[in-house]
Each structure stands twice: as structure tokens, then as C-alpha cells.
Amino acid sequence: MNWLIISPILLPLVLACIMLLLWRHPVWQRWTALGGMVALVGCGAGLFGVVYVHGVQSEQLAGYGAPFGITFVADLFSSIMVLASAILGTAVTVYSMTNIENRRESFGYYPLLHLLLLGVCGAFLTGDVFNLFVFFEIMLMASFVLLTLGGERGQMEGAIKYVTLNLISSAIFLAAVGILYGMTGTLNMADLSNQVVWIAENRPEELPLLTILAMMFLIAFGVKAAMFPLFFWLPASYHTPPPAVSAIFAALLTKVGVYSMARFFTLIFTHDVGTTHMIILVLAGFGMICGVLGAAAQNEFRRILAFHSVSQIGYMLMGIGLIVMLAHRDDEIAHHAVQMGLAGTIIFVVHHLFVKPNLFLVSGVVERIGGTGELKKLGGFYKTEPLLAIMFLISALSLAGIPPLSGFWAKYILVLAGLQLEQYFIVFIALLTGLLTLYSMVKIWAAAFWTDVPDDSPVHNAAHMAHAKHGIRRMIYPIAVIAVIIVLFGVFAGPIFDVAMEAAAQMLDPSAYIEAVQFEEFSPTLGRGEEADS
Amino acid sequence: MSSLILRTAIRYLFPIIVLFSIFLLLRGHDEPGGGFIGGLLGATAFALFAIGYSVETSRRMLRFELHQLMGFGLLMATLSGVVGLILGEPFLSSAWIEIPIPGRPEPFKLATYLFFDIGVYLVVLSITLMIVYALAEE
Amino acid sequence: MELILAIVIGALYAAGLYLMMRRNLVKLIIGLVLLSQAANLLIFTAAGLRSPNAPLIPPGEKYPVGDFADPLPQALILTAIVIGFGVIAFTLVLFHRAYQSTGTDDLDQMKATDT
């Protein structure tokens, strides 16, 4: 059981090392990477099964008890995220075999992919704030190199913005960690949850400082999650690397930010939900509108998709922001609706983790055959690639929220929770954004798939087509598999909703999380602890 | 840069720096020192060759491909943690075997932590050199 | 002592942010370095400035006795310095390559990917 929590971190690490040893053999790296990803899916599924049956699991590295040792905790939300990331990682690995050129492969693409997964899974599973910072940095380092791999001019320019803004966010995160430690004397998340309750009861005059800290964490995670108004690195960089890298970035990087925000603002910063969560809710609303309008102004396949992520992040934050109503209402309906809102966030995160990357993967095939991502120069893919067109349509309609696909249920649950909590304005924005999303998707559909093939398109060139079609199956199959997952996600919405509700319940009532962590019996008299005893 | 003084000095400095870096690595087991600082120092020895002679000379001195060296070090550090896992303890738990040394009352304790430190040494050495080479190769 | 350190941290943040708002790539990276150092110093100060005994466990005891220093902030700062070292080194190489491929160190000239 112990190794199961560590396995999503250990497995990518060991495989990345093995692939580094196989530095001169990119083809061997490919298959090692694929094997590792499949094994990671197995570990993720096993972890999810154990957590689902036996409840929250935890592990102390090297046997030092909390709050001193390094803690790993797996609850339902984190194990779902690990499993979903692993499935997507597998699909992207297969896709990369054709999409990533040899020169990029031979510069360590696959080891970096595994290091990225290591950072992501670590961030999902860690139960310690400082370790979260470390895993963030591992993830960022891997993503920095993945983004710049190939060294094209656009990649460099995008990377400067991405790197700079993320380093600022890391510095803010680090400063917040320092102040948090100075205030509470601990960095263990479960212990922090207790300490915040203690401060609220015994030292209410320190609560405003805690709210300021919460805002520092909000900014730090907000940059990583591309929350409004901190998202500008995302549309500037996501469309520059190869589509496979865009896809894995869109799937995982922002999700880690959203995950951390959800974790912090349910487990730790619940002392003043009326202020903190209201800010999240307002920013979520702005993000939805801003992202979807920004996407409508773009004219390139991947730029539209990238800008669109900003509005989707808004939906994810909406579920977290709806907790604000717990400050005003304390009845049964409100609690149930808040739980449903958080479940909506979880479902939306998982739905977006599959849908948005799939659209990026489709854009990769389109760019490979059409020679460009500019919508004006594309056309006729419905005639030449009908299967691809259908898979694009499934993903795009799911993103827009057309029933019975996954996106519909995610938005339906969020809207329902918003209506029950009488937050009509955010519900109106969510519905309007859904409509505008459809506009962007129809724009891509009309320009790239529905129109005739342009006369100057390289599609007419037989030599180009022979090159483009070579190995294209390895790009189509992952797209098809994810499309099937999206459809199944919609069909089995009932059971998925039940699981998400349970995960949300675990997050809203942190007692299970805290009980699962194995605390050291001895507690030395340092700072706050001393006063707590007396 | 081709300074005769630097080139001549490197020949004598190189073994001393490398030896001292290994000394720091081993000393770090119980006292100040360790894999990180040792690796940094070891990297300076090779960086000196890159400055005084050329990056190519420095690479030849190292003999190993940097990425492979990094992978090996990282694998070694990780596997030293897995030993604890195999013995039924949590990940990264320390484990050691005692090797009796003739003529000495205390046995020599060979701990997994030593391999962790050597792994860190190799990773730091190779990453530092990777950065130095990337900046020096113009 | 807290006051002096607070002023130093504030000055570091101010200098770092000022440099980051310049258009030059080199100044940007110096700004990033100052920012991460300021954060490290902030952890050091926020964790409390005291001068008790070293957190060593005396022979025969299981835990340190008496008034002992908190070793955690130092471990945090050490880790943060190491991570910062790696990240800044990578950023240096990246900016160098970016300068080579764009032929300018003026951030205002790098607008090709903006939206």
C-alpha cells in the first residue's frame, strides 16, 4: 500500500533516468516512455481504487511523522487527477512519436515528458506546502525546456514571457510560504488546517494577516492557473511549441494551479470565505468573459484554443468561488449546493483535461496536412479527413457544452449549483460564455473543415501529402481514443457525478484528510506550540 | 581565452580540485560538506579546462556523455531510496550494512545515504557543466 | 535586527521589480535574481530571529533539549537557493539563445507571439 502513493512520483523519475541513460537511442526512449506511461496509468488506477474503497491514504517519507517529515496524501480528488494525467500522458506519448521531429526527440523530449509528469503527480499528491513548491519548480523546469526545445524564434519569445511570469509567481509563492511558516510554525497542510482553526479561535486579531497570505497564494497559484488577470503568459506561449507539447501543457500545467487553489481554499484558508472566495468568484466571472472574447478575436487554430483556456479556467474557479455562500447561508440546501459546485469544478477539470488537449492534437494533424495553422489558408478537411472532422466536432461541441457530451454535464452541474445558491449573475455569465464558446468552435469548423480546399494549399502537392501522411495513424489513434473517452464521460455522467460529489465532500470536510496523516506523537515546544499548550 | 599561466596552472590544479571535491562528498556523510557542494566544486575543475583550453577538451577529459551521467546519478539517488521501500520501510528510509575492517575496532557502515550523496554529486556536476558548456560553446 | 532586515528585503524587492520593468533582457534576469534572494531573506526573517542552541540531539536523548533553534527555515532556504540556482542558470541560457535568435535584447521588439 505504501508504495502505491509514491509510485506516481517514483515511476516517472526512474524511467526518466533510464531514458537519460539511453540518450543516444531516441527510438528506445520512445518505447520506454510509452511503457512507463501505461504503467503510470496502472498505478493511478490502483491508487484511485484503494482511495475509493478505503478512504484517504497517506505516507510519511523515511518514516518521520508529520508535521516534521515529508507527507504524501492521496484523497479522491488527487487520485482522480493522477489517473487522468496518466491517461492523457499515454495518449500524448503515442502522438509524439510522429508529431515530434527527430531533432527534438534526440534532445531529450521523452525524459522531459516524464519529468513533467513527475512534477504534476507530485504536486497532486504532496501534503506539504514546501514540497508543493518543489514539485511546482520541477514541473516548471521540465515545461521550460519542453517549450524551448527546437529553438525557433517564436518559441524563444513565448518562453521569455512564460519563464519570467512563472518565476515571479514562484518568488511570491516562496515569500508566502515563509510568512505562513512564521505565523503558524508548520508547513504540513493537515497541520496548517488545524492551526488556522486555532488562530481563528484564540487570536482573531491575526486573521486579517491570514487573509493577506491567502491573497498571496491566490496570486501565486493564479499565475500558474492562468486566472484573470494573470493569464497573459498563456496566449503568448501555448501556440509556439509543437502541438503535442501544447496539448500536454493545456492539459496539465494550468490544472495543477487550479488543483492547488482548490486544495488551499478548502483545506487551509476557510477562515473568511466571505472575502477570499468572493474574490475568486469575481475573477472567475471576468476570466470567462475575457477568455472567450479574446479567443473570438484570434484567427489561428491554436491561438484560439490557447486563449480559450482562460475562459475555461474561469468555470473551474467558479465552483471554488461558490463556497462564498457558506458565509451568508448555513442551511442544508446551501451546503448541498456548495458541495455540488465543488463537484462541478472537479468534473470540469477532468473534462477539460481531455477535451482541450484533444483539440490541440487535432490542430496538430490539421497543421501537418494543411501546412499552416492560419484559418484563412485552411479548408476542406471535412471532405478529405471525415473521421478527423467528426473527432474535432465531438471535442469542440463538448467544450461548448452541447448535451450529452462531457462539457454539458460539467457546466450543467456548475450552473445548477449557482442557481441553488441564487448567484444569478455568475450563472448568466457562464451561460453567455458557453454560447460564445460555440461561436469560436464554429469559426474553426467553418474555416478549416467546412469550406473548400484553398487553391494554394499544399494539399494539392503529392510529395507533401506523402510526407504528411507518413505515420499519421499514430496521431489519429490517440485522438480517437480521447474522443471515445469524452463520449463515455457524457454517457456515464451519473456514476462520475457520484464520485465527484464524494470527492467534494472529502474536501469540504477536511477531517478525513487530517485524520489520515500520521502525526508524530512528540511535539517540541517551538513558537506557537508552546502557547497552545499553556 | 588562451592564457599560458592559466593552462599551466590547470594541469596542477585539476587533480587537487577533483580530489578535494571527492573529499567534500565523503566528508558530508557526518560533517559539513556533501554531494551538492562537492559536485559544484568538481564541475569547476572541468569548467577550468573549458575556459583554459576548449569545451571539446573538457568534454574529452570527462569521458562520459553529460546526459547519461546525470541520468546515472539521478537513478542512483532514487534507487538508494527504493532500498528502504524493498525492506518494508517507507521510501527514502536509510539502510546500512556493517563491514568489519581488520585492525579497527568499529566496523565500517555502508549506508544507502552514501549512494544518495554520490548520485547528487553526479547530477550537480553534470547539470553545472551542461550550463557552462552551453554558455561557453559559441 | 528585524527592522534592518525588513528594510533590506524591501530594498531588494524594490530593486528587483524596478529592474524587471526595464526593457533590457539582462536587467530582467538580474531583477529575477534579486527577487528570489529577497524571498529567501524573507523566509529567514519571518521564521524568527533568535540565537538559541544548535538543534543537535545530545547523546542518550531522543529529541533536542532546552531552547534550540528551528532548523527548518534553513533547510527551506537551502532548497530554495538550489532550485533558484538551477532556474536562473536555465533562464540565463534561454535569454542568451533568445538574444541570438531575435538579434535584440529589447523586450519591446519581441512581440511576434503576442495576442
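1. To start with a single residue of this predicted model, C:Ile81 is partly exposed, with a relative accessible area of 41%, where buried means under 20% relative accessible area, exposed over 50% and partly exposed in between, with a 1.4 Å probe and protein chains only. C:Ile81 sits in helix 3 (residues 72-102) of chain C, helices (H or I, at least four residues) and strands (E, at least two) being DSSP runs numbered from the N terminus. From C:Ile81 to C:Gly16 the separation is 65 residues in sequence and 16 Å in space, C-alpha to C-alpha.

2. On conventions, residues are numbered from 1 along each chain as its sequence is written, while chains are lettered from A and ligands numbered from 1 in the order in which they are written. Because the model is predicted, local features need pLDDT of at least 70 and side-chain atom pairs count only at pLDDT 80 or more, whereas totals for chains, interfaces and linings use all residues, and side-chain values use heavy atoms, with hydrogens and water left out.

3. As to confidence, pLDDT is the predictor's confidence in each residue, from 0 to 100. Chain A has a mean pLDDT of 88, with 97% of its residues at 70 or more, and chain B has a mean of 87, with 99% of its residues at 70 or more.

4. One part of chain A calls for care. Among the elements of chain A, helix 23 (residues 528-533) has the lowest mean pLDDT (40), and helix 5 (residues 109-125) the highest (94). Over residues 524-534 of chain A the pLDDT is below 50, and beyond near neighbours in sequence this stretch has 16 contacts in the model, contact meaning heavy atoms within 4.5 Å. Where pLDDT is low, the predicted coordinates should not be read in detail.

5. Between chain A and chain C, 39 residues of chain A are in contact with 40 residues of chain C. The two chains bury about 3,300 Å² between them, 77% of it on carbon and sulfur atoms, buried area being the accessible area (1.4 Å probe) that two parts lose on being put together, summed over both. In chain A, the residues that lose the most area to chain C are A:Glu157, A:Ile160 and A:Tyr181, together 18% of what that side buries.

6. Across the interface of chain A and chain C there are zero salt bridges, a salt bridge being a side-chain nitrogen of Lys or Arg within 4 Å of a carboxyl oxygen of Asp or Glu. Helix 6 (129-148), helix 7 (153-184), helix 10 (233-237) and helix 13 (301-321) of chain A each supply at least two residues of the side that touches chain C, and helix 7 gives the most, with 19 residues.

7. The contact of chain C with chain B takes eight residues from chain C and seven residues from chain B. The area buried between them is about 660 Å², of which carbon and sulfur atoms give 77%. C:Phe85, C:Val93 and C:His96 supply 51% of the area that chain C buries against chain B, more than any other three residues. The count of salt bridges between chain C and chain B is zero.

8. Within chain A, A:Ser78 lies in helix 3 (residues 76-99) and counts as buried at 0% relative accessibility. Not counting residues up to four places away in sequence, A:Ser78 touches A:Val73, A:Phe124, A:Leu125, A:Tyr259 and A:Arg263.
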